[in-house]
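Open the model in your viewer and keep the selection panel at hand. The stops below go from one selection to the next.

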Amino acid sequence: MVSGLEDRPTERTGGRWRVTRREALAAVGGAALASSVGASKTATDRDDAPVRVRVYPGDVPLQARLRYGLDELRRDWPTPLRDALSAIDAAFEQVLAYAGEHDRLESLEISVERGDPIRFPPSETPLSTDAVLPSLEGLLDRFRGRLQKRDALTGRACHVLLCWSPLNYRIGYGGTLSPNSVTGAAADGDGGDEQAGGDAQTVANVGATEVWDSRAVTRNMAIHETIHTFLSNAIVESIGEAYCDHELGTAVRTDAETLEVSPIATAYAGPDRIGGGTRFHGTGCCDRSRFVRHDGTDGIENWTYTTELSDATCEGVTRFLERRFEP
């Protein structure tokens, strides 16, 4: 599990949303989840190197930090970002627990890590509309540029930026874009992907979920955007002929008026309207009849969110890891 949650100093210098059908809006058993804390490590392409999920805190304005107490004014990891990191860590524990129960992924190590803060000083941002209201593409490009400067790209990593942009509709709840939307080099026979492989980058807009929704949605969307980078087209289609990643999620009635939504279905399980579950609904694929389980929205007044992954999601990520990373 992620450990050592004391903050590192701020550096002193200065979605899966694919462009195809997956666009979207705005250890237990045979493997152990290894976690480490610290600065980015030198890139490596060893076959036995761990698969890394590195999570980076973006800049959170002081007025936003005050929502969580005076102690948060001096931290690079205010409470919502710490909770998002913990949720991502727990999600991969679930995947490895699932794999262990089926005697799979016994030789694979996954490392969920804290990355150093990501900052984009105004002096490094060209004067344009994108400087005032960055697009998802623009933000991901800057993020990758910063990772390249840090020599943080390993070919076996997913890099997650936790940003705070509650008013930026161009980013929405977050996402990722081809050609850096899937983690790791493509394996033979894994057709249908738009990229050759390498490190993936994704953004989770913690500011949007915190301001417009809830901490439960923050946790789920952090997991959601990260898990997208561990689900290729071919893998998703191999699980019940699913059309898109979101169909691997669940929306389960816990009583007559309450629907509980799992991470990969978050922002997609409700009706396509403002306030349909999450405040804003995803704009990608959303055929609720194709979900591995969806109990319907008629009469639903209460929306709850569980960080527990569906078995279909765990199976998809397990297959992906087997194909991409196991010797």
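Are Asp76 and Arg119 buried or exposed? Select the pair: Asp76 is buried, and Arg119 is buried too (buried is under 20% relative accessible area, exposed over 50%, partly exposed in between, with a 1.4 Å probe and protein chains only). This is a predicted model, in which local features need pLDDT of at least 70 and side-chain atom pairs pLDDT 80 or more, while totals for chains, interfaces and linings use all residues. Residues are numbered from 1 along each chain as its sequence is written, and side-chain values use heavy atoms, without hydrogens and water.

Next, show the side chains of Asp76 and Arg119: they form a salt bridge, with the closest N and O atoms 3.4 Å apart (a side-chain nitrogen of Lys or Arg within 4 Å of a carboxyl oxygen of Asp or Glu). By this rule the count comes to twelve salt bridges.

Move to Glu113 and Arg54, a salt bridge at 2.7 Å between the closest N and O atoms. Glu113 is in strand β3 and Arg54 in strand β2, so the pair ties together parts 59 residues apart in sequence (helices are DSSP runs of H or I, at least four residues; strands are runs of E, at least two). Both residues are buried.

Now select helix α2, residues 79–101.

Finish with Asp83 and Arg219, whose side chains meet in a salt bridge at 3.6 Å, N to O. Asp83 sits in helix α2 and Arg219 in helix α6, 136 residues apart.

Notes:
Expected span 1.5 Å × (residues − 1).
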